[in-house]
Number of protein chains: 2
Amino acid sequence: MELSTKPLTGMRQLYPDEMAVEAYIVGRIRDAALAYGFEEYDGPTIEPVELFLAKSGEELVSEQSYLFEDRGGRRVVLRPEMTPSLARMLASAPEVSSPVRWMSFPVCFRYERPQRGRAREFRQFNLDVLGSAGVMGDLEVMLVLDRIMKNLGAPDGAYQIGYSSRELATGVLERIGIAGQDGQKALGAIDRIGKMQPDEWTAYAEAVLGDPGRAVLLGRFASVRSLDDPWMRETASGLPGFDSMLELRRLLEAAGLRAASFDASIVRGLDYYTGTVFELSDTGGGNRRAICGGGRYDNLVGLFGGRPMAGVGFGLGILTLRLFLETYGLIPADPGAASRPDVFVAVYSSAEAATALSWAESLRSSGLRVMMEIEGRSLSRQFRAAGRCGARFVVVAGPDEVASNTASVKNMETGETTRVQAASVAEHILSVPGSRQDSR
Amino acid sequence: MELSTKPLTGMRQLYPDEMAVEAYIVGRIRDAALAYGFEEYDGPTIEPVELFLAKSGEELVSEQSYLFEDRGGRRVVLRPEMTPSLARMLASAPEVSSPVRWMSFPVCFRYERPQRGRAREFRQFNLDVLGSAGVMGDLEVMLVLDRIMKNLGAPDGAYQIGYSSRELATGVLERIGIAGQDGQKALGAIDRIGKMQPDEWTAYAEAVLGDPGRAVLLGRFASVRSLDDPWMRETASGLPGFDSMLELRRLLEAAGLRAASFDASIVRGLDYYTGTVFELSDTGGGNRRAICGGGRYDNLVGLFGGRPMAGVGFGLGILTLRLFLETYGLIPADPGAASRPDVFVAVYSSAEAATALSWAESLRSSGLRVMMEIEGRSLSRQFRAAGRCGARFVVVAGPDEVASNTASVKNMETGETTRVQAASVAEHILSVPGSRQDSR
């Protein structure tokens, strides 16, 4: 039987060209997080289902998770997101000094219909501050997010970071007569407002709240796009959630984060958020899904017993971010350039292989990256291979070269060929400025 | 209900300290592979079970795999190894120029009893040369393996790379009267020789082959440790597999790979190997499991239809390698040092937060890594936090500093504190040699 040449639908399969793009994006993200003192961790791919049942939301576990029984009879899932694992790690960490700044690049899994920007297996970036309850923590994770976009060359105005607060939303909803269970439902309705036509949403909100008047007020709240909105100032005045938003705005301005603006329609779908919530989106409309979402979850670590610990963070889909960068032409033409070989060692025939090998090994020990011919092709085909791999020098081991123990060294940029004593080839190449592809 | 604070048994959960060790090892491995012109790829975590049923061996799939049905009714497994996915990627690659040099760092899964050096979820390094059928390919992957060990500081003599050939073994077995089905069983028996007492193994081999005489000859073959062994030279003379081994030895010597030596007891457990096989092990006996195993698999890509493509490569367990490095004291004391912040920005009180924030952001935009106080702790506690995070400078934003727009900059190594104009702090810090933790 012939095996299929295709991976399963929605799986992550990256050829080197695509992997280089991912590595480029991951590298820029990591640099941004390191600029704020974050450290990297990783958690298990397979988790007990209870971990996500508690707080991730019903849909994620019962409809979208890869859920199965392992050989020991445990009901497990492939992590659909990272935050619950992170919370558990913090809850059982032997000794960490707060606040904790942690990041990770987990591969996560959700059984959804694959579409643009959405796969069943996907790499995500997660960044969290834990053990810090104030808006300074909220601010910091938003600053990292903005710096990621700047590191990737995103122009001002191409993206925005909308923020709001679940605490504020809950407080305002109570004041307009939507409390308790209805408050939870109303948050769910706000979460859908961007995905429906206005009429459709109004009917939906009326059905959810059982009351046209409250549905109108809910729509009014969700339409607020500024903390200076007069209705908002009047309705929310004195609420702690409102004061936090005002303080967050003041700090965002001090830090110069111009892409951020208040948006009451943002509540985020995960059940564990308790305070500030935010998302990053493309202003151009070319990419409709939020590139990143996050928020504050102050009650998650406490689920594991022991001391409670406040947390705030976000998850950023690498694939979604990549689509954004492609839309704006921000992926470099050759993202893998810095990983290419410096030198190609061409071998005239098998009689020269042993000598060529010792030359290649010596160059490698001098810190050069060397691709060597292993196929016995003609020299002209070897030169073409050298061109394809991007090497800046070709070292030829032919009968003359081996007999005289001097290599022919061709500079592929200038076209110049020099005969160099075998022992001095590395020195000769390293003396040419830019001879190495990266700044090792 | 309180949730468990423990991950499932055998899962990969890495706190930042442990992650830094892994990142250190992965970095050295990647450098070694880049020195030979390898490119990085990645494949799916979830694969159809058929992919491994074909050639990975019965035990791996039916006893050790995480096997389940997905929501679409497909029988899938979490990859227990990478090579079949790699073969499929090559079989369906739109256009690759041979030979292909590819590497990957997949997380793989096997449901085994966890023990020292063995987890159920583990990160592996995979490196393969495809589209090259000669011993030069075998040699190259062995050279990368050796360079990995050298990059990690492994001393000569601490490890050895044993190699043999399935082609040679099959040829010799035929000559001593063990052919066809019996030949396959005999390879299986050789694979167990190191795991049993001699008497136990002899009885086992007799039972497998149904014949004491052939069992003795099989034991004789498996005991060979040199290609110059007289029995071997006589028995294997003229076999293509023997000539390949002699050629491989010649090239290993030319390349200076002193850790490699012939060992007929090596056959490797995976069904798809067809030629050269090898493994790397600790000579000291502190780590009994092979750190790395690999070999040539010339018929794997052809399983997917289309053109056949020769392949040779290895898989290296990061955890097993880490145990080896720990045994020899080769893990640096602070493997994460290069990722630490350069500067800690201390904030006297919330009144100075906005100014401190603008200073911190400006330092970050100058390329410095800056951890900033977000908790409002006392200055003395902030200085302790700065010490813990490894920052070489503390920039203090107090009332005087903010009023005069000059920061107090303390050099943590010299203990010296200087007042610097806010706009010049980055310049001041960058002018100190070694002010940045890495060589960005």
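**A tour of chains A and B**

Start with helix 5 and helix 11 of chain A, which cross in the right-handed sense (a crossing is left-handed if the near helix is turned anticlockwise from the far one by less than a right angle, and right-handed if clockwise). This is a predicted model, in which local features need pLDDT of at least 70 and side-chain atom pairs count only at pLDDT 80 or more, while totals for chains, interfaces and linings use all residues. Residues are numbered from 1 along each chain as its sequence is written, and chains are lettered from A and ligands numbered from 1 in the order in which they are written.

Helices (H or I, at least four residues) and strands (E, at least two) are DSSP runs, numbered from the N terminus. Axes are lines fitted to C-alpha atoms, for helices over the stretch in contact, and angles run from 0 to 180 degrees between N-to-C directions. Angles under 35 degrees count as roughly parallel, over 145 as roughly antiparallel, 65 to 115 as roughly perpendicular and the rest as oblique.

Now show the side chains. V135(A), D138(A) and L139(A) of helix 5 meet residues of helix 11 of chain A, including L248(A) and L251(A). Residues are in contact if their C-beta atoms, placed from the backbone, lie within 7 Å.

Next, go to chain B and select helix 7 (residues 180-191) and helix 8 (residues 198-209), whose axes come within 10 Å and cross at roughly 165 degrees. Helix 7 and helix 8 of chain B are therefore roughly antiparallel to each other. Their crossing is right-handed. On helix 7 of chain B the contact uses D182(B), K185(B), A186(B) and A189(B), and on helix 8 of chain B it uses Y204(B), A205(B), V208(B) and L209(B).

Stay in chain B for a sheet. Three strands form an open sheet in the order 2-4-3, with antiparallel pairing (two strands pair if DSSP finds at least two bridges between them). Strand 2 (46-48) and strand 3 (66-69) of chain B are its edges. Strand 3 of chain B pairs with strand 4 (residues 75-78) of chain B over four bridges. Select E69(B) to find R75(B) of strand 4 opposite.

Finally, show both chains. The contact takes 77 residues from chain B and 79 residues from chain A. Helix 13 (residues 353-365) of chain B gives six residues, the largest share of the side of chain B that touches chain A.

Definitions and conventions. Contact = placed C-beta atoms within 7 Å.
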